[in-house]
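This report looks at selected side-chain contacts in one protein structure. Please view the sequence and the model together while reading.

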Amino acid sequence: MIEKHIIIEDIDPVTLYGVNNCNLQIIKAMYPKLRIVARGNVMHVMGDELEMCAFGEHITKLQSHCLKFNSLSEEELLQILHGEKTRKDGNEGVIVYSVTGKPIMARSQNQQRLVQAYMENDMVFAVGPAGSGKTYTSIALAVRALKNKEIRKIILSRPAVEAGEKLGFLPGDMKDKIDPYLQPLYDALEDMIPTQKLREMMEQNIIQIAPLAFMRGRTLNDAVVILDEAQNTTGAQIKMFLTRMGMGTKMIITGDVTQIDLPQHIRSGLTEALHILHNVPGIGFIHMDRRDIVRHRLVTRIVDAYEKEASKNHDKNKQTTKEEYS
């Protein structure tokens, strides 16, 4: 008789054990020659050596399944214990699974191009209107890379620029003051990583969310680094950010050039970078449009209406200029 301690890592133990330990009871029934006691993320196992080996292999497979899919049903548990593939194993095109087990995948042609560009390049610019999935898809790619241990950390950044209104002097410490600007990034992460695990990763700096100003002086290695809302950077800011890139790192820069919140006399760093870097090898460029919008159908109509109005104003300005010179 031997004794072994197995530590459940990278996942919430509740996902493995099941609600009210229902999965754990099934596992115990499958191994009657073992005495299994689970406390938190540690499983104490005592019993037959051969059965212990089989048990260890199955627990490793179950942990991998939980890590990948964020869920483990009784049906899937039994299939894995019997050496069978689950239905989810056959799903193609899935980037990562949400905390509820829902598959997250590219939902439009340009989102698929973004996934492909990420695989082929170390730096990708994804430009498009609100709701086109550029940020959400980018974060899903980063979470997948982290789960697959291709990188050691995820770094998400945004310029702290107010969208029209003045927020004034926000209360609290530095984190409290910058969190409102970074909330969309938290929202996406909370969809893909269980709350407790996400909190642990942020405390350990495995996942870092910071305003753009905090990037200065850093060299970012072995990471996926995402700059969101890049249209609100200046030329100097985006150059500073792009040159933080270290070894084993991929960068994704997202933005919408129709929603620039900078003062009118300041040129967007994103539009400047798109112009300067368009022929640089190793950089991918994805331009999304209203067909990629995956929010409420009204978002597409709103974007269309604003584009038509902008086009109308542009034509009117051209005509006025023409009349002035004639």
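The text below covers salt bridges, then aromatic rings, then a surface patch.

This is a predicted model, in which local features need pLDDT of at least 70, side-chain atom pairs count only at pLDDT 80 or more, and totals for chains, interfaces and linings use all residues. Residues are numbered from 1 along each chain as its sequence is written, and side-chain values use heavy atoms, with hydrogens and water left out.

**Salt bridges**

The structure holds five salt bridges, each being a side-chain nitrogen of Lys or Arg within 4 Å of a carboxyl oxygen of Asp or Glu. The table includes three of them.

| Pair | N to O distance |
|---|---|
| Arg-158 and Asp-228 | 2.9 Å |
| Arg-158 and Glu-229 | 3.1 Å |
| Lys-197 and Glu-200 | 3.7 Å |

Arg-158, Asp-228 and Glu-229 are linked in a network of salt bridges. Arg-158 lies in strand 7 and Glu-229 in the loop between strand 9 and helix 9, so this pair ties together parts that are 71 residues apart in sequence. Helices (H or I, at least four residues) and strands (E, at least two) are DSSP runs, numbered from the N terminus. Arg-158 is buried at 12% relative accessibility, while Glu-229 is partly exposed at 23%. Here buried means under 20% relative accessible area, exposed over 50%, and partly exposed in between (1.4 Å probe, protein chains only).

Lys-197 and Glu-200 are three residues apart in helix 8 (residues 195-203), and are therefore separated by about one helical turn.

**Aromatic rings**

Rings of Phe, Tyr and Trp (its six-membered ring) pair if their centres lie within 6.5 Å; planes under 30 degrees apart count as stacked, over 60 as edge-to-face and the rest as tilted. By this rule there are three aromatic pairs. Among them, Tyr-31 and Phe-55 are edge-to-face, with 5.4 Å between centres and 85° between planes. Both Tyr-31 and Phe-55 are buried.

Phe-125 and Phe-285 are stacked, at 5.3 Å centre to centre and 10° between the planes. Phe-125 belongs to strand 6 (residues 123-127) and Phe-285 to strand 11 (residues 283-287), so the pair joins parts 160 residues apart in sequence.

**A surface patch**

On the surface, Leu-298, Ile-302 and Tyr-306 form a nonpolar patch, a grouping of nonpolar side chains (Val, Leu, Ile, Met, Phe, Trp, Tyr) joined within 5 Å, from residues with over 30% relative accessible area and no salt bridge. Tyr-306 is in helix 11 (residues 297-325), and at 63% relative accessibility Tyr-306 counts as exposed.

Note on methods: Patch = residues over 30% accessible without salt bridge, like charges linked within 9 Å, V, L, I, M, F, W, Y side chains within 5 Å. Areas by Shrake-Rupley, 256 points an atom, 1.4 Å probe, with all protein chains shown as cover.
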